[in-house]
Amino acid sequence: MNSHQLKQYLQNNLIYGEQPARHKPVRSLSPMGLVMPDQSRTWGMDGSHWNPPPIDLKRMKDLFGLAFAIFKGCDGSLNSKYYFEHVAAAKLAGVPWGMYVWLYPNSKVSISAQVNTWITRALIDPPPLGIFIDAEWTTYGGQPANPSASDLRTAHDLFKSKYGVPAITYTSKGYADTWLIGFVFD
């Protein structure tokens with residue numbers, strides 16, 4: 001573990017946990033969660049450290065038409081738990097997968113350190129659907145640390161120059177309208 005990874009681990013994951021505010025307990029089950037996915041649409045899922053293995057992707061594919069999966073491979077410059085177990089489940093089910101990576105602002109975790117970690121992980125078993133840079137509301141050291149358009153542009157450019165193919169942006173309209181103003185989605 002290098003100094004950037006150690007700092008991120010101590011500041012964010014060990015002390016404050018990984019994105020704890022986003023994962024509040026569910027108090028009730030909505031009947032909408034029990035509805036079969038619309039088979040006229042392409043249906044995929046994402047998985048992360050919040051989804052301990054095994055994930056039965058074959059069952060999701062057979063019963064619900066799961067067409068793809070995107071798994072969290074890195075949290076900034078740290079590798080995410082369960083990524084390779086999820087990839088193995090996708091392969092077993094015959095489901096193509098991609099890897100998403102959590103972006104932190106350069107002021108918190110060096111973009112270069114993040115990109116190097118993403119590439120190292122991707123080269124072990126290149127994801128057929130590519131790499132998705134997840135830019136969204138986040139915290140670092142318990143404080144807001146939302147990546148900006150500049151952080152995302154730097155990450156995209158550096159990733160493409162080192163990996164040889166572009167990454168895809170993984171975000172929401174609300175986040176992009178607030179934090180990614182001026183970013184050119186090319």
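Mentor: Among contacts in this predicted model between residues at least 6 apart in sequence, 77% join residues at least 24 apart. Buried residues make up 41% of the 186 residues in the protein, which has six helices and eight strands.

Trainee: Why is proline 127 called buried?

Mentor: Buried means under 20% relative accessible area, and proline 127, at 8% relative accessibility, therefore counts as buried. This proline lies in the loop between α4 and β5. Leaving aside neighbours within four places in sequence, proline 127 is in contact with Tyr83, Trp97, Gly98, Met99, Ala122 and Tyr163. With tryptophan 97 the separation along the chain is 30 residues, while the C-alpha atoms are separated by 5.9 Å.

Trainee: How do you know that the buried residues of α3 line one face of the helix?

Mentor: Helix α3, residues 83-93, has Tyr83, His86, Val87, Ala89, Ala90 and Ala93 as its buried residues. Seen down the axis of α3, these fall within an arc of 160 degrees, so they line one face of the helix. What covers them includes β1 (43-47), α2 (57-64), β2 (66-75), β4 (97-102) and α4 (111-124).

Trainee: What makes α2 and α3 oblique to each other?

Mentor: Their axes come within 8 Å and cross at roughly 45 degrees. Angles under 35 degrees count as roughly parallel and 65 to 115 as roughly perpendicular, and α2 and α3 are therefore oblique to each other. The contact is made by Leu57, Lys58 and Lys61 of α2 together with His86, Ala89, Ala90 and Ala93 of α3, and its residues divide into four nonpolar, one polar and two charged.

Trainee: Which residues have the most contacts inside the largest nonpolar core?

Mentor: They are Met45, Leu57, Phe71, Leu103, Trp118 and Ile133, in a core of 35 residues. At least two residues of this core are supplied by each of α2, β2, α3, β4, α4, β5 (131-134), α5 (149-163) and α6 (173-179). A second, separate core has eight residues, including Ile70, Tyr100, Trp102 and Tyr104.

Trainee: What does phenylalanine 71 touch?

Mentor: Not counting residues up to four places away in sequence, phenylalanine 71 touches Met45, Gly47, Leu57, Tyr83, His86, Val87, Ala90, Trp97, Gly98, Met99 and Tyr100.

Trainee: Which residues does a cis peptide bond join?

Mentor: A cis peptide bond joins proline 53 and proline 54, where omega is about 0 degrees. Proline 54 has its place in the loop between β1 and α2.

Note on methods: Residues are numbered from 1 along each chain as its sequence is written. This is a predicted model: local features need pLDDT of at least 70, side-chain atom pairs count only at pLDDT 80 or more; totals for chains, interfaces and linings use all residues. Side-chain values use heavy atoms; hydrogens and water are left out. Buried means under 20% relative accessible area, exposed over 50%, partly exposed in between (1.4 Å probe, protein chains only). Helices (H or I, at least four residues) and strands (E, at least two) are DSSP runs, numbered from the N terminus. The arc is that of the directions from the helix axis to the C-beta atoms. Contact means heavy atoms within 4.5 Å. A nonpolar core is a set of buried Ala, Val, Leu, Ile, Met, Phe, Trp, Tyr and Cys residues joined through side-chain atoms within 4.5 Å. Axes are lines fitted to C-alpha atoms, for helices over the stretch in contact, and angles run from 0 to 180 degrees between N-to-C directions. Angles under 35 degrees count as roughly parallel, over 145 as roughly antiparallel, 65 to 115 as roughly perpendicular and the rest as oblique. Ala, Val, Leu, Ile, Met, Phe, Trp, Tyr, Cys and Pro count as nonpolar, Asp, Glu, Lys and Arg as charged, and the others, Gly among them, as polar.
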